[in-house]
Amino acid sequence: TAQYAVFGNPIAHSKSPEIHAQFAAQQGELIEYHKILVDDSRDAFQAAVRDFFASGGRGANVTVPFKQYAFDLVDELSERAQAAGAVNTLILLENGKLRGDNTDGVGLVNDVVGNLKISLQNKTILILGAGGAARGVVMPILSKQPEKVIIANRTESKAIELAKQFKIQAMAFADLRDIRVDVIVNATSGSLNGHLLAVDDAIFAGTELVYDMMYGRELTKFLCHARECGAQQVADGLGMLVGQAAESFRLWRGFTPDIAPVIAAMR
Ligand code: ATR
């Protein structure tokens with residue numbers, strides 16, 4: 001059976017093996033997919049990846065905190081991994097070289113457009129946050145021909161830097177007033193500690209979709225708040241998680257899984 005794995009620290013909580021098992025069942029084939037805990041160091045990560053591919057591994061996912069190390073380690077990069085500055089998918093090529101890709105942004109877009117059925121074409125999209133998670137979604141969002149993409153961050157300088165790379169608009173949270181947006185994507189890590197973001201409540205009113213890359217057992221505080229403030233629809237990041245996995249699976253195995261039943265099963 002073909003061997004796959006996810007490298008992370010921590011990794012015990014990862015749902016990736018379950019998700020990929022369901023994709024394999026859809027494809028009607030057997031795969032092995034393991035969680036690999038690695039010490040939080042560049043050397044330990046490199047050694048673990050080399051070991052895995054030397055002993056028959058075919059592909060791997062990379063999660064926190066190793067996406068940057070994976071970016072530096074691979075022999076070649078996809079355009080979107082280059083744009084994201086991070087690698088979450090490793091693919092062993094036939095010539096023995098290791099290719100790095102990033103499926104996070106496509107995972108989000110496939111969830112929004114394919115699963116939630118919200119078109120991004122001609123829409124105004126507001127991305128909150130300017131870290132690695134935000135960087136990874138900009139190019140896939142732009143590929144859906146939105147009218148405008150705005151990146152806003154608590155620290156404005158980081159938004160300006162990111163916006164320059166992608167030729168989009170930057171704003172500080174404090175200036176998010178009197179603007180009308182259709183879709184808001186929370187790419188900050190602010191939901192992790194349960195804090196609300198310091199953005200004007202009025203930006204949520206009448207939005208078609210507010211999306212949080214985070215997810216949990218319950219709706220995130222950010223999404224509850226967005227709904228109270230008048231968002232028409234809210235969605236958490238479980239669909240993105242399944243979506244990025246589906247794109248990795250496609251890259252490895254040439255089969256595009258249906259994400260909807262897998263998202264439903266994971267709830
Ligand atoms: P990631 O890889 O998850 O994007 P990161 O690169 O450390 O992590 O970026 C974290 C992002 O979350 C940043 O945009 C950060 O804002 P600052 O640049 O102003 O620090 C944002 N963030 C984290 N906690 C936040 C909070 N409580 N309120 C607002 N933004 C927050």
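**Contacts, burial and domains in a predicted model**

Student: What share of the contacts in the chain with a separation of 6 or more comes from residues 24 or more positions apart?

Tutor: In this predicted model, residues 24 or more positions apart account for 63% of those contacts. A pair is in contact when its C-beta atoms lie within 7 Å.

Student: How many helices and strands does the chain have, and what makes it as compact as a globular protein of that length?

Tutor: The chain has 10 helices and 12 strands. Its radius of gyration is 18 Å, and the globule rule gives 18 Å for 267 residues; the two values are close, so the chain is as compact as a globular protein of that length. Along the principal axes, the C-alpha trace spans about 55 × 35 × 35 Å.

Student: Why does Gln 244 count as buried?

Tutor: The cut-off for a buried residue is 20 or more other C-beta atoms within 10 Å. Gln 244 has 28 C-beta neighbours inside 10 Å and therefore counts as buried. Gln 244 is placed in helix H9 (residues 238-253), and beyond four places in sequence it touches Asn 88, Thr 103, Asp 104 and Gly 107. Of the 267 residues of the chain, 43% count as buried.

Student: Why does Ser 14 count as partly exposed?

Tutor: A residue is partly exposed when its count falls between the limits of 12 or fewer for exposed and 20 or more for buried. Ser 14 has 19 C-beta neighbours inside 10 Å, so it counts as partly exposed. Ser 14 lies in the loop between strand S1 (2-8) and helix H1 (16-27). Leaving out residues up to four places away in sequence, Ser 14 touches Val 6, Gly 8, Lys 35 and Thr 63.

Student: Which UniProt annotation covers Ser 14 and Gln 244?

Tutor: The unreviewed UniProt entry carries the annotation "binding site", which covers residues including Ser 14, Thr 63, Asn 88, Asp 104 and Gln 244.

Student: Which domains does the domain assignment give, and how far apart do their C-alpha centres lie?

Tutor: The assignment gives domain 1 (2-103 + 240-266) and domain 2 (119-232). Their C-alpha centres lie 26 Å apart. The contact takes eight residues from domain 1 and six residues from domain 2. On the side of domain 1 that touches domain 2, helix H4 (residues 79-84) gives the most, with three residues.

Student: Which residues are the closest to the ligand?

Tutor: The ligand is surrounded by 15 residues, the closest being Gly 131, Gly 132, Arg 154, Thr 155 and Thr 188. Helix H6 (residues 132-142) supplies the largest share of this shell, three residues. The shell divides into four nonpolar, nine polar and two charged residues.

Conventions:
Residues numbered from 1 in each chain as written. Predicted model: local features only at pLDDT ≥ 70, side-chain atom pairs only at ≥ 80, totals over all residues. Near = placed C-beta within 6 Å. Helix = DSSP H or I, 4+ residues; strand = E, 2+ residues; numbered from the N terminus. Nonpolar A, V, L, I, M, F, W, Y, C, P; charged D, E, K, R; others polar. Rg over C-alpha atoms; globule rule 2.2 N^0.38 Å. Contact = placed C-beta atoms within 7 Å. Domains from an automatic or database assignment. UniProt positions renumbered as here; feature names shortened; annotations may be inferred.
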